[in-house]
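Welcome, and please have your viewer ready. We will go from one selection to the next, and I will say what is there at each stop.

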Amino acid sequence: MEMSYNSTGENEFNSPQNLTVPGASSPVENSLKEPCNTPLSNDTLYSNTNSPSDSCVKPLCNAASEKKSNKGVKYVSSEGDKLECGWGAFTPACLQFFNTPKGVLLFLCVASFLQGMIVNGFINTVITSIERRFDLHSYQSGLIASSYDIAACVCLMFVSYFGGNGHKPRWLGWGVLIMGVGSIVFALPHFTTSPSEVHFSEETGICSSHQSMPCAESVSILSNYRFVFMLGQFLHGIGATPLYTLGVTYLDENVKSNYSPVYIAVFYTAAILGPAAGYLVGGMFLNIYSEIGKQVDLTPDNTLWVGAWWIGFLGAGAAALLTAIPILGYPHRLPGSQRYIIMRVSEAHQLKDGSQETASDPDFGKTVKDLPRSLLLLLKNPTFIFLCLAGATEATLIAGMSTFGPKFLESQYSLSASEAATLFGYLVVPAGGGGTFLGGFIVNKFKLRCSGIIKLCLLCTVTSLLPVFIFFIHCPNMPMAGVTQMYDRSILLESSLNLTAACNTECDCLREIYSPVCGSDDIMYYSACHAGCKKISILDSGKKVYQECSCILENDPTGSAQAIAGKCTSSCERRTVLLVFMFFVIFFTFLCSIPALTATLRCVSDRQRSFALGIQWIVVRTLGGIPGPIAFGSVIDLSCLVWQDQCGEQGSCYVYQNSAMSRYTLVAGIVYKVVGTVFFLLACFLYKPPPPESLPGSSDALENGNCVLRENTSLQTQAAD
């Protein structure tokens, strides 16, 4: 006896009408063939076209028949596709509770949350730790971050074109599965390398310790692990490719079009909250030493500290593997979704030659021979092209700042890596998540058409340009002897570095040991040795205190001449103002993300939506996501004052020039925001909507209004055995 399932559509719609119930001779006899003259709330009739606002909230004709019991009925499509949730023949009734748009949204939100947490959260949080552990430059870590977008660009056209006309949930499920495997691969270097050896003890690094730092032959070998990280990111990119193309269109196809921006906004809000959770959880893991259980004489404040960067990837990877299972069980389309397809009217940009009508052919796009024609239709759509370019400019800033935002805060406010990641997470949660959801809510609340949505994007971009000018100001570098100033407190040129002075000449200090200390004279020193400290003591809190520091004695009138391990605390008065304006930059940037995505879905024909999103993501990643982290990483490298020196080889950067970092960020922000504004302006100016007579409520729509479902899209039912 097969399980029965009574399908109920979204927004309390009842099950579809075209049913074959026990006792009926054929599906045709039960289909609705008569035109429906039931008026809508605005005195128009049901038609086989739809309104962009979907004001129709009543069932499609014959509402009385839908109130009958559907007990013992099993829904399948006319093509024979089952519309039940399950895996093959295993479709238990308990799973059908999730066979709704809200159920799909739940699992897609979990998947997007994990993707955001892994790729845009954990990756960005552990960048500094990976650079220290594997001796990487910022541009190399930027290349690791960009590998995700490179993989996406390779797969996007194939996935969006064939997946758009295929079984979307299966593409989505396998994608999430591959993403989980990528996370596990990303964590592998921790288990395949020898345990991290930190050549630092209580006596190492103080004056007259006479200890040396042996050159490790594995320095260059460790940097080769960047290829393993790139492979993990490549798998992340492959797995996430269907998520933001097929996942968006699957949601859009199965809900009313005016509810679609809200569903997509919730979906993307989860994707924004993912990175925020990644920053917070990743920052917490960085407070645990990488080699769990190993006793080290270091604290998270020490620059030699490498946190447990790998834990998050293992946990999130396992969660992704489990999330893929229910997604793989969803049907080709949800029960009751056909009504939303019938009620939809196109707002696609009208080409002068009328060639957009080609895409309305039901058979168009099902074979690879239609790929060039489909691509040509999109390239002839100027609104679509400029929306893609505008998205690329925004993606460059988002990718660059999300990758190196924690490092920016770490340098500006003299924070540890974990503190900076946590602070950035607190900034992104309300700004990015709130802006994303509010953008979708505004489109739904005001029922904006395509042209109005583009104008909203333009307004948001112009508004987000103003707070960028906050980068005119910056927090000054904490004074550091031999780096930002001489030991006698005289000004030191940025291009020079002089760590040796008369007070530490006899100490034989090693350049390889960078362990900053904060002297009682409120000056930072490269290490306790460079401060001339001869003794060490450890407080009950575990904090190290160095005494008898000859270099500090010269500048400390109190005569205490001691230093505390770690950076000096920044007392920047501009800290709050800088954080507030960064909040508004992030908020207004994400506020236009869902409206821009909705405008993309509406300015192309229905059958090209998945493919259009795929092409858009290719443009966004090629021009924005890929060069963004690399460009920002290279710019940040230009701001470096002190490089790691390991046996003559240049490693990661220890100290950055805050003023230069802010200056470069300001220039990049202004340039990309202005270019994005121009692109949105051109998209709005060149958009040509359908003629008024094709819109709902027009005389032509009334004359052609009917509720006949096409035979190839009608729903049938099969009696229980």
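Start by selecting Ser414, which lies in the loop between H13 and helix H14 (417-445); helices (H or I, at least four residues) and strands (E, at least two) are DSSP runs, numbered from the N terminus. This is a predicted model, where local features need pLDDT of at least 70 and side-chain atom pairs count only at pLDDT 80 or more, while totals for chains, interfaces and linings use all residues. Residues are numbered from 1 along each chain as its sequence is written, and side-chain values use heavy atoms, with hydrogens and water left out.

Look at the backbone of Ser414: phi is positive, about 55°, although this residue is not a glycine. Most residues other than glycine have a negative phi. Ser414 counts as buried because its relative accessibility is 14% (buried means under 20% relative accessible area, exposed over 50%, partly exposed in between; 1.4 Å probe, protein chains only).

Asp508 sits in the loop between helix H15 (450-465) and strand E2 (517-519). With 55% relative accessibility, Asp508 counts as exposed.

Next, select Leu409. Leaving aside neighbours within four places in sequence, Leu409 is in contact (heavy atoms within 4.5 Å) with Ser414, Leu415, Ala420, Leu423, Phe424, Leu579 and Met582.

Which of its 138 residues touch the most other members? They are Phe267, Tyr268, Trp309, Phe313, Leu409 and Met582. H3 gives the most to this core, with 16 residues. A second, separate core has 18 residues, including Ile206, Cys533, Ile552 and Ala565.

Thr241 is the next selection, in the loop between helix H7 (226-240) and helix H8 (246-253). Its relative accessibility is 3%, so Thr241 counts as buried. Not counting residues up to four places away in sequence, Thr241 touches Ala152, Cys155, Leu156 and Val159.

Finish with Ser411, Lys567, Tyr654, Val655 and Tyr656: of the 24 residues that line the second largest cavity, these are the closest to its centre. On a 1 Å grid over the protein atoms alone, a cavity is a set of points where a 1.4 Å probe fits but cannot get out, and lining residues have an atom within 4 Å of a point. E8 gives the most to this lining, with five residues.

Terms used
On a 1 Å grid over the protein atoms alone, a cavity is a set of points where a 1.4 Å probe fits but cannot get out, and a pocket is an open set with protein on both sides within 12 Å along at least five of seven lines; lining residues have an atom within 4 Å of a point. A nonpolar core is a set of buried Ala, Val, Leu, Ile, Met, Phe, Trp, Tyr and Cys residues joined through side-chain atoms within 4.5 Å.
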